[in-house]
Amino acid sequence: MIPKVFKEVIDLGDGREISIETGKLAKQAHGSVVVKSGKCMLLCTLVSNYKQSDVDFLPLTVDYREKFAAAGRYPGGFFKREARPSDGEVLTMRLVDRVLRPLFPKDYHAETQVMIQLMSHDPNVMPDAMAGLAASAAIQLSDVPFETPISEARVGRINGEFIINPTRAQLEESDIDMMIGASADSVMMVEGEMLEISEEEMAEAIKFAHEAIKVQCAAQVKLAEAFGKKETREYDAEREDEAVEKRVKELTYDKVYAVAKKASAKHERSAAFDEIKAEVKASFTEEELEDFGDLVSKYFYKAEKTAIRDLTLNEGLRLDGRKTDQIRPIWCEVDYLPSTHGSSIFTRGETQALATVTLGTSREANQIDMPSYEGEERFYLHYNFPPFSTGEARPLRGTSRREVGHGNLAQRALKNMIPTDCPYTVRVVSEILESNGSSSMATVCAGTMALMDAGVQLKKPVSGIAMGLITDVESGKYAVLSDILGDEDHLGDMDFKVTGTADGITACQMDIKVKGLSYEILVNALKQARDGRLHILGILTDTISGPNEDVKPHSPKMISRRVPNEFIGALIGPGGKVIQEMQKETGTTIVINEDPVTEEGIVEILGVGNEGIAAVQAKIDSILFKPQVGSVYEVKVIKMLDFGAVVEYMDAPGNEVLLHVSELAWERTENVSDVVNMGDVFDVKYFGTDPKTRKEKVSRKAILPKPEGYVARPPRDRDDRKPRDNRNRDNRRDDRKPREKRD
């Protein structure tokens with residue numbers, strides 16, 4: 001039976017469109033859609049169990065995978081099967097998850113899976129920009145409780161004109177690459193990188209993307225209505241008890257307010273809150289705790305959050321005693337680790353990052369192999385968040401999604417400040433040693449200093465700051481918090497991280513929890529973030545004013561040279577013999593790449609000592625050496641022969657040529673040693689290749705004055721030569737006895 005297909009089309013302008021289709025694939029899922037743009041197709045499915053899980057949170061899994069078959073390719077590696085997700089796939093999962101998760105009911109705890117896969121790839125369409133649309137559309141077709149449709153869109157800007165979902169080629173020309181997630185009413189998530197734009201320009205980009213998202217949300221509603229919107233399923237909601245809530249608040253609010261107002265460190269504050277919680281629980285009987293002990297904990301945290309927020313809104317004070325725009329004390333240090341190529345420590349309050357820099361050749365570039373994109377990164381940043389940084393002991397289970405996301409944010413903040421002519425592959429690693437506040441922004445600051453300490457010629461230093469927002473809809477009050485604590489991250493209405501130079505924003509990440517946030521508040525928050533960034537930037541530049549002029553003595557030095565393709569074979573040698581011997585003798589690393597544009601070889605020479613690099617350059621000069629006809633060169637005798645001397649060009653060791661005995665002097669030379677000897681150094685003139693002998697010709701006598709009265713012997717005419725006498729040879733043949741015949 002032919003399935004009935006339902007479809008909605010979204011016009012993106014300039015001839016592009018996105019279609020959302022359902023009814024053909026994966027019909028046993030609770031919701032499934034195919035989202036298509038050009039040749040790019042995403043399949044998204046949603047399944048949510050009908051039984052609530054025994055946990056107090058939503059066990060939501062958002063999974064995004066790109067199938068290699070979608071691009072007509074095989075997976076790399078020994079096993080020809082897709083394995084663990086790449087960093088690019090993980091980043092897309094995070095973008096979708098951050099927008100979806102807040103819109104499920106807080107008491108909905110059923111195991112839920114959203115699975116998105118790239119089934120067909122189009123090089124002119126970036127699939128991650130449609131993943132949020134696909135996820136939301138699948139949910140709209142199901143009976144899962146969900147507040148409102150959402151979508152995501154990428155925005156770029158070329159020559160001052162904003163573009164929705166630009167191609168990868170357009171993105172290369174754009175000064176903005178931002179992903180915005182929103183419902184029809186509110187912006188909920190922003191993440192991206194920029195080339196030093198202003199706060200107002202960033203707000204304009206968000207507005208532009210939001211208008212496109214509104215159209216995409218409306219299309220989902222139409223599709224669900226045409227398909228037949230299902231009734232929202234019933235589920236076992238969490239218990240509520242107004243009497244218990246009131247009682248807990250009365251016992252909690254004032255005490256928490258007093259502790260919050262008394263400035264204290266993280267562990268002291270946590271211990272004080274734990275004491276209050278214990279006192280509240282002690283006020284209930286054992287029978288009451290058995291009946292609604294879970295509600296007591298729930299209402300305690302609710303009252304605690306309300307008290308802390310009220311303290312900030314009413315008195316402008318925060319948990320550690322700071323004012324709303326005040327930044328915690330900062331101390332920094334560079335060149336802390338003696339063996340690394342660059343290092344720094346950045347400590348802000350109770351957050352500390354130790355950053356290292358490693359310099360290498362193009363061989364160390366980070367290779368990206370995804371169906372939707374193949375390439376390499378010559379600058380990349382890795383972020384590690386060990387459990388001891390928060391005083392915890394947790395199992396180590398590899399790199400988490402959070403670590404991938406935070407590292408990517410810091411990398412995007414710094415990468416456009418790396419000069420395009422930087423010869424190195426640069427790896428930054430950030431180790432978070434303490435955490436109470438934004439460790440990703442500490443990574444940006446530590447990374448900036450470590451890069452400058454390593455001698456990487458940053459265009460401009462970059463700093464970052466994490467900001468918070470607390471609002472009261474009824475009173476209209478709001479407070480923007482600079483340099484938020486970990487506790488303030490959880491209780492606020494917006495968590496946004498902004499990085500930039502003194503001239504503009506380079507990257508941002510925002511999660512907005514309050515509906516209908518005005519752009520006026522957003523711009524004010526961004527401006528307050530700018531003041532904080534500049535304050536931190538001043539401390540960084542006080543620690544290290546600019547990049548060191550050169551790399552450290554123990555760091556590798558690199559020289560890049562271009563070599564015509566015709567000489568690459570000679571440089572490598574048979575079976576790589578020449579290049580391997582050069583590396584062994586000079587203690588260097590030599591990498592040869594081909595420039596597809598100029599069709600030249602790019603030779604990278606990496607070595608700690610300048611002597612080794614100089615020796616490799618001399619060898620390359622020798623291989624590239626081409627003497628010019630009519631030029632004079634200094635040579636050295638390296639071999640004596642009966643008919644001449646083999647000489648080596650002093651400017652190109654290894655390049656040899658025969659100096660014939662007849663070219664040694666104007667006088668007749670009987671013995672070569674009468675004129676030159678082993679090791680003699682003198683000048684010769686180069687005459688090019690002799691067309692008769694097809695050998696290169698050099699002459700010593702050509703640059704010597706002719707002896708007085710010298711007369712050159714005339715060349716002998718070939719016609720005057722006597723004919724060869726073959727008679728004796730013929731007679732010898734006639735005198736030979738005939739060969740006896742064998743029996």
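Student: How many helices and strands are there in the chain?

Tutor: This predicted model has 15 helices and 29 strands in the chain.

Student: What is the radius of gyration of the chain, and what would a compact globule have?

Tutor: The chain has 38 Å, whereas a compact globule of 743 residues would have a radius of gyration near 27 Å. The C-alpha atoms fill a box of roughly 135 × 70 × 60 Å along the principal axes. As for burial, 49% of the 743 residues count as buried. The accessible surface comes to about 38500 Å², and carbon and sulfur atoms account for 49% of that surface.

Student: What share of the contacts in the chain joins residues at least 24 apart?

Tutor: That share is 69%, taken among contacts between residues at least 6 apart in sequence.

Student: Why is the pair Arg98 and Asp511 called a salt bridge?

Tutor: A side-chain nitrogen of Lys or Arg has to be within 4 Å of a carboxyl oxygen of Asp or Glu. The closest N and O atoms of Arg98 and Asp511 are 3.0 Å apart, so the pair is a salt bridge. Arg98 belongs to helix H1 (residues 87-100) and Asp511 to strand E21 (residues 504-512), so the pair links distant parts of the chain, 413 residues apart. Both Arg98 and Asp511 are buried. The structure holds 47 salt bridges.

Student: What makes Glu288 and Arg247 a salt bridge, and are the two residues buried or partly exposed?

Tutor: The closest N and O atoms of Glu288 and Arg247 are 3.4 Å apart, which is within 4 Å, and therefore the pair is a salt bridge. Buried would need under 20% relative accessible area and exposed over 50%. Glu288 has 23%, so Glu288 is partly exposed. Arg247 has 29%, so Arg247 is partly exposed as well.

Student: How do you know that Arg562 and Asp595 form a salt bridge, and which parts does the pair tie together?

Tutor: Their closest N and O atoms are 2.9 Å apart, and the limit is 4 Å, so Arg562 and Asp595 form a salt bridge. Arg562 lies in strand E22 (residues 557-564) and Asp595 in strand E23 (residues 589-595), so the pair ties together parts 33 residues apart in sequence.

Student: Why is Asp595 called buried and Arg562 partly exposed?

Tutor: Asp595 has a relative accessible area of 12%, which is under 20%, so Asp595 is buried. Arg562 has 44% relative accessibility, between 20% and 50%, so Arg562 counts as partly exposed.

Student: Which residues are linked in a network of salt bridges?

Tutor: Asp128, Arg154, Asp177, Glu193, Arg412 and Lys415 are linked in this way.

Student: Why is Gln528 called buried, and what is Gln528 in contact with?

Tutor: Gln528 is at 19% relative accessibility, under the 20% limit, so Gln528 counts as buried. Its place is in helix H11 (residues 519-543). Beyond neighbours within four places in sequence, Gln528 is in contact with Thr324, Asp325, Met467, Val480, Leu481 and Ser482. Thr324 is 204 residues away along the chain, and the C-alpha atoms of Gln528 and Thr324 are separated by 9.9 Å.

Student: What makes Thr356 count as buried?

Tutor: Thr356 has 18% relative accessibility, which is under 20%, so Thr356 counts as buried. Thr356 is placed in strand E13 (residues 351-360). Residues up to four places away aside, Thr356 touches Leu337, Thr340, Gly342, Ser343, Arg427, Val428 and Val429.

Student: What is the phi of Ala26, and what is the phi of Asp483?

Tutor: Phi is near 50° for Ala26, a positive value in a residue other than glycine. Phi is near 55° for Asp483, again a positive value in a residue other than glycine. Most residues other than glycine have a negative phi.

Student: Where are Ala26 and Asp483, and is each buried or partly exposed?

Tutor: Ala26 is in the loop between strand E2 (16-22) and strand E3 (31-37). Its relative accessible area is 34%, between 20% and 50%, so Ala26 is partly exposed. Asp483 is in the loop between strand E19 (478-482) and helix H10 (486-491). Its relative accessible area is 2%, under 20%, so Asp483 is buried.

Methods:
Residues are numbered from 1 along each chain as its sequence is written. This is a predicted model: local features need pLDDT of at least 70, side-chain atom pairs count only at pLDDT 80 or more; totals for chains, interfaces and linings use all residues. Side-chain values use heavy atoms; hydrogens and water are left out. Helices (H or I, at least four residues) and strands (E, at least two) are DSSP runs, numbered from the N terminus. Buried means under 20% relative accessible area, exposed over 50%, partly exposed in between (1.4 Å probe, protein chains only). The radius of gyration is taken over C-alpha atoms; the globule rule is 2.2 Å times the number of residues to the power 0.38. Contact means heavy atoms within 4.5 Å. Accessible areas come from the Shrake-Rupley method with a 1.4 Å probe; for residues, only the protein chains shown count as cover.
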